[in-house]
Amino acid sequence: ARGKGALFGFLGFILPVILLVNFLASSVSNDLLTSLLGKAGAEALQVYMAPVAGFWKSIPPDYHMHTLGALFLITLVLLFLAKWSSRLLPTLTRKQKRVLSENRDYVQDFVKGRKEALYLEYLQQSVGAADIN
């Protein structure tokens, strides 16, 4: 359950980060990217952001806000699933543990002994009644 929660949390966190990095990389000039990241870093960033840029270019400009809203909702759902799936079960308080232990001791000490005595008495009565007939 924790692994699933971590995966949902990672996806819910990385989706907006990827979109933000893609937006920043596409809005900044190549010269500035090269001076900040170096030639290899700028090329690597362009290569890694190419699928996101291609996805974004395939969406008509009129639907960019709709797509951002849908991605925001997907992020919220993923973060909610992360929280929900990594939730731990509540534990008993000390008082509840003590009450449970007392009830268990009562059942083992008194109820089981009484049950055995009553069952033996029942067996004696049923055997005695069968012998009489």
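Predicted model: local features only at pLDDT ≥ 70, side-chain atom pairs only at ≥ 80, totals over all residues.

1. Bend in α2. Helix α2 runs over residues 30-58 and bends by about 115 degrees at Gly-38. A straight helix of 29 residues would span 42 Å, yet the end C-alpha atoms of α2 are only 22 Å apart.

2. Reference case, α1. How far apart are the end C-alpha atoms of α1? They are 38 Å apart, and the 26 residues of α1 should span 38 Å at 1.5 Å a residue, so the two values agree.

3. Buried side of α2. Five residues are buried here: Leu-33, Ala-42, Leu-45, Met-49 and Val-52. The buried residues of α2 pack against α1, residues 2-27. Ala-42 is in contact with Leu-33, Thr-34 and Leu-37, when residues up to four places away in sequence are not counted.

4. Nonpolar core. Which residues make up the largest nonpolar core? Its five members are Ala-25, Leu-33, Ala-42, Leu-45 and Met-49. Helix α2 supplies the largest share of this core, with four residues. Ala-25 is also listed among the buried residues of α1. As general background, nonpolar side chains tend to be buried together in soluble globular proteins.

5. Buried side of α1. The buried residues of α1 are Gly-5, Gly-9, Gly-12, Asn-22 and Ala-25. The cover over these buried residues includes α2 and α3. The next three points take up α1 and α3 residue by residue.

6. Ser-85. This residue is found in helix α3, which covers residues 64-85. Ser-85 counts as buried because its relative accessibility is 13%, below the 20% cut-off. A polar atom of the Ser-85 side chain lies 3.4 Å from the backbone nitrogen of Gly-5. The Ser-85 side chain also reaches the backbone oxygen of Leu-81, at 2.8 Å. Gly-5 is itself buried in α1.

7. Thr-75. Leaving out residues up to four places away in sequence, Thr-75 touches Gly-12, Leu-15 and Pro-16. Of these, Gly-12 is among the buried residues of α1.

8. Ala-6 lies in helix α1 and is partly exposed, with a relative accessible area of 48%. The C-alpha atoms of Ala-6 and Ala-82 are separated by 6.4 Å, although the two residues are 76 residues apart along the chain. Phe-10 is also placed in helix α1 and is partly exposed, at a relative accessible area of 49%.

9. The structure holds two aromatic pairs. Why is the pair of Tyr-106 and Phe-110 stacked? The ring centres are 5.5 Å apart and the planes are at 25 degrees, so the pair counts as stacked, the cut-off for stacked planes being under 30 degrees. Both residues sit in helix α4, residues 94-132, and being four residues apart they are separated by about one helical turn. In general, an α-helix has 3.6 residues a turn, so residues three or four places apart point the same way. Tyr-106 is partly exposed, at 48% relative accessibility, and Phe-110 is partly exposed, at 47%.

10. Asp-109. This residue also lies in helix α4. Asp-109 is exposed, with a relative accessible area of 63%. The C-alpha atoms of Asp-109 and Lys-95 are separated by 21 Å, the two residues being 14 residues apart along the chain.

Conventions: Residues numbered from 1 in each chain as written. Heavy atoms only, no water. Helix = DSSP H or I, 4+ residues; strand = E, 2+ residues; numbered from the N terminus. Expected span 1.5 Å × (residues − 1). Bend = angle between axes of the 7 residues up to and from the residue. Buried < 20%, exposed > 50% of the residue type's maximum accessible area, 1.4 Å probe, protein only. Contact = heavy atoms within 4.5 Å. Core = buried A, V, L, I, M, F, W, Y, C linked by side-chain atoms within 4.5 Å. Phe/Tyr/Trp six-rings, centres within 6.5 Å; stacked < 30°, edge-to-face > 60°. Polar contact = N/O pair within 3.5 Å; in protein donor to acceptor, adjacent residues only side chain to side chain.
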